[in-house]
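Have the sequence and the 3D view open as you read.

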Amino acid sequence: MDNLGHIDVENLPKHIAIIMDGNGRWAKQRGKMRVFGHENGVDAVRRTVENCAKHKISYLTLYAFSTENWKRPKIEVQTLMRLLVASLRKELKTLNENNIRLNAIGNLDFLPGKVAKELNEVIAKTANNTGLTLTLALSYGSREELKQAIKAISSKVKNNIISEHDIDETVINTHLYTHDLPDVDLLIRTSGEHRISNFLLWQIAYAELYFIDVFWPDFNEQHLVDAIINYQNRERRFGKTSEQLG
Ligand code: IPE
Ligand code: IPE
Ligand code: MG
């Protein structure tokens, strides 16, 4: 970890979100089934969560399963769900030891009962932790999230709970799955693909984007540190001029 010393602890991204991509290709490269890639992807999740806690990141959001991923072969979907239940069960103790609070976003009603039960249990049992907030995006799609928010807000307007004039960014934020999370500061996507794939469209409005040509199972501490340092070397202008920031 020769770069570790270069992280500026005063300028950490508060919220890191990761599109964990490339498990299938990682396995294919090794002549194995996609499932093998997902199994190894779980190790990368564990590593990354621990490293974010170690480097004092406050919020980490991981894209684990998209609304579109339901269209994958049934056997792959089942494997992903099985891995999820097993990992949640296995990691509860480590989450508590590291003071990590688990959270989930997405259309969780679509998850199989077993997954939802395990998820809710771990969320409840880590609810009082005050360190890293780890959010799993499961059956998550940004368009679905926005659709639900628009429906909820429209219904409140219709029932005179709020007026149309009250609708502002704060109102919209409070109706998103991410209502208790800050905006994303740094979005990382592995695997070399340069796209967002329906992830946190509203929340990444001013995120710094970082694409890395490494398949998810190989993502390690050095890659994470490099991404943070790269983020710290950028100037976030939020529409202003460089001189105004001085
Ligand atoms: C990411 O890896 C994991 C999920 C989407 C669940 P992929 O399974 O998309 O792997 P590639 O992109 O096909 O290599
Ligand atoms: C995005 O990866 C979803 C997750 C990482 C969970 P995909 O592999 O599903 O995205 P596309 O299909 O390449 O855009
Ligand atoms: Mg993929």
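When two helices are said to pack at an angle, their axes are lines fitted to C-alpha atoms over the stretch in contact, and the angle, from 0 to 180 degrees, is taken between their N-to-C directions. Please keep in mind that this is a predicted model.

With that in hand, start with α3 and helix α4, which covers residues 113-125. Their axes lie 9 Å apart and pack at an angle of about 15°. Angles under 35 degrees count as roughly parallel, and α3 and α4 are therefore roughly parallel to each other. Their crossing is left-handed. On the α3 side, the contact is made by Met81, Leu84, Val85, Leu88, Arg89, Leu92, Leu95 and Asn96, and these meet Lys114, Val115, Glu118, Leu119, Val122 and Lys125 of α4. Sorted by class, this contact of α3 with α4 holds nine nonpolar, one polar and four charged residues.

Now turn to another partner of α3, helix α2. This helix runs over residues 34-54, and its 21 residues reach 30 Å from the first C-alpha to the last, close to the 30 Å expected at 1.5 Å a residue. How do α2 and α3 lie relative to each other, roughly parallel or roughly perpendicular? Their axes come within 11 Å and cross at roughly 30°, so α2 and α3 are roughly parallel to each other. The crossing of α2 and α3 is right-handed. Here Arg34, Val35, His38, Glu39, Val42, Arg46 and Glu50 of α2 meet a set of α3 residues that includes Glu76, Arg82, Lys90 and Glu91. By class, the contact of α2 with α3 has four nonpolar, four polar and eight charged residues.

Helix α2 also has buried residues, among them Gly37, His38, Val42, Ala44, Thr48 and Cys52. The buried residues of α2 pack against elements that include β1 (15-19), β2 (59-66), α3 (74-97) and α7 (221-232).

Lys56 has a positive phi of about 60° although it is not a glycine, and Lys56 sits in the loop between α2 and β2. Its relative accessibility is 63%, so Lys56 counts as exposed. Leu200 also has a positive phi without being a glycine, in this case near 45°. Leu200 belongs to the loop between β5 (186-189) and β6 (208-211), and Leu200 is buried, with a relative accessible area of 1%.

Next, follow β1 to Ile18, which has its place in that strand. Ile18 is buried, with a relative accessible area of 0%. Which residues does Ile18 touch, leaving aside those up to four places away in sequence? Its contacts include Thr48, Leu60, Leu62, Tyr63, Ile188, Phe199 and Trp216.

Finish with α7. At 1.5 Å a residue, its 12 residues should span 16 Å, and the end C-alpha atoms are 16 Å apart, which agrees. Helix α7 is mostly covered, with 10 of its 12 residues buried. Among the buried residues are Glu221, His223, Leu224, Ile228 and Tyr231. What covers the buried residues of α7 includes β1, α2, β5 and β6.

Terms used. Residues are numbered from 1 along each chain as its sequence is written. Chains are lettered from A and ligands numbered from 1 in the order in which they are written. This is a predicted model: local features need pLDDT of at least 70, side-chain atom pairs count only at pLDDT 80 or more; totals for chains, interfaces and linings use all residues. Side-chain values use heavy atoms; hydrogens and water are left out. Helices (H or I, at least four residues) and strands (E, at least two) are DSSP runs, numbered from the N terminus. The expected span of a helix is 1.5 Å times one less than its number of residues. Buried means under 20% relative accessible area, exposed over 50%, partly exposed in between (1.4 Å probe, protein chains only). Contact means heavy atoms within 4.5 Å. Angles under 35 degrees count as roughly parallel, over 145 as roughly antiparallel, 65 to 115 as roughly perpendicular and the rest as oblique. A crossing is left-handed if the near helix is turned anticlockwise from the far one by less than a right angle, and right-handed if clockwise. Ala, Val, Leu, Ile, Met, Phe, Trp, Tyr, Cys and Pro count as nonpolar, Asp, Glu, Lys and Arg as charged, and the others, Gly among them, as polar.
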